Amino acid sequence: SQTIHQWPATLVQPVGSPLSLECTVEGTSNPNLYWYRQAAGRGLQLLFYSVGIGQISSEVPQNLSASRPQDRQFILSSKKLLLSDSGFYLCAWSVPGLINTDTQYFGPGTRLTVL
Amino acid sequence: GNSVTQMEGPVTLSEEAFLTINCTYTATGYPSLFWYVQYPGEGLQLLLKATKADDKGSNKGFEATYRKETTSFHLEKGSVQVSDSAVYFCALTGNQAGTALIFGKGTTLSVSS
């Protein structure tokens, strides 16, 4: 069966510090991968998605970036965090080849607080 | 583009009450429709889905029917439990290649005993 992991589970960082969040998927090959952000009291905002190694699409302009160095690894980064980057970051995967038609499966999330 | 609107919460119910959370959508083509549930401090879990008109998704006592004529996908449960307290998200697939699921803003359900 497939599983998705995210770490760290929680993170408190000062403004201006760098960020690296990691997501890994097990039990499937070449999944589609997604990063979402959920701000307090708001819905989910899609940040990035990837259909393969080195292939990243950005949905919104921001000071975040994403990379996919390995087939089942998806990393969210920032060089300098802003207060507005606080939120709950969720990674998700879906069956390869079906970007907008199939179910997405979510990881447990990372709670980021920027002070 | 495609969009989804769901009722704002919070919804507060007593145990064993009937639940309805409304969800309506705007879409071109024939999107798939989903309900996800998020328990406190956790990620989202797929609750149910429907891929074509008149399909009924069901899971754990929850049901939702894909109504193309009313562009709706309302979530229902006949008898809620305290353990159903969570945030519920309605979602649909995008209408452009390369877009992922489009989520509503979520509805918080609180069930008391």
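1. Over all chains, the structure holds 2 disulfides, a disulfide being a pair of cysteine sulfur atoms within 2.5 Å. Please keep in mind that this is a predicted model, in which local features need pLDDT of at least 70, side-chain atom pairs count only at pLDDT 80 or more, and totals for chains, interfaces and linings use all residues. Residues are numbered from 1 along each chain as its sequence is written, chains are lettered from A and ligands numbered from 1 in the order in which they are written, and side-chain values use heavy atoms, with hydrogens and water left out.

2. In chain A, the bond runs from Cys23(A) to Cys91(A), with an S to S distance of 2.0 Å. The link of Cys23(A) and Cys91(A) is left-handed, at -75° about the S-S bond. Cys23(A) sits in strand β3 (residues 19–26) of chain A and Cys91(A) in strand β9 (residues 87–94) of chain A, so the pair ties together parts that are 68 residues apart in sequence. Strands here are DSSP runs (E, at least two residues), numbered from the N terminus.

3. Are the two cysteines of that pair buried or exposed? Cys23(A) is buried, at a relative accessible area of 1%, and Cys91(A) counts as buried at 0%. Buried means under 20% relative accessible area, exposed over 50%, and partly exposed in between (1.4 Å probe, protein chains only).

4. Chain B has a disulfide from Cys23(B) to Cys90(B), S to S 1.9 Å. The torsion about its S-S bond is about -65°, so this disulfide is left-handed. Distant parts of the chain are linked: Cys23(B) belongs to strand β4 (residues 23–26) of chain B and Cys90(B) to strand β10 (residues 86–92) of chain B, 67 residues apart. Both Cys23(B) and Cys90(B) are buried.

5. Now to the interface. The contact (heavy atoms within 4.5 Å) takes 22 residues from chain B and 20 residues from chain A. About 1,500 Å² is buried between the two chains, with carbon and sulfur atoms giving 55%; buried area is the accessible area (1.4 Å probe) that two parts lose on being put together, summed over both.

6. On the side of chain B that touches chain A, the elements giving two or more residues are β5 (33–38) and β6 (44–50) of chain B. The residues of that side divide into 9 nonpolar, 10 polar and 3 charged. Here Ala, Val, Leu, Ile, Met, Phe, Trp, Tyr, Cys and Pro count as nonpolar, Asp, Glu, Lys and Arg as charged, and the others, Gly among them, as polar.

7. How many salt bridges cross the interface of chain B and chain A? The rule finds 0, taking a side-chain nitrogen of Lys or Arg within 4 Å of a carboxyl oxygen of Asp or Glu.

Definitions and conventions. Helices (H or I, at least four residues) and strands (E, at least two) are DSSP runs, numbered from the N terminus.
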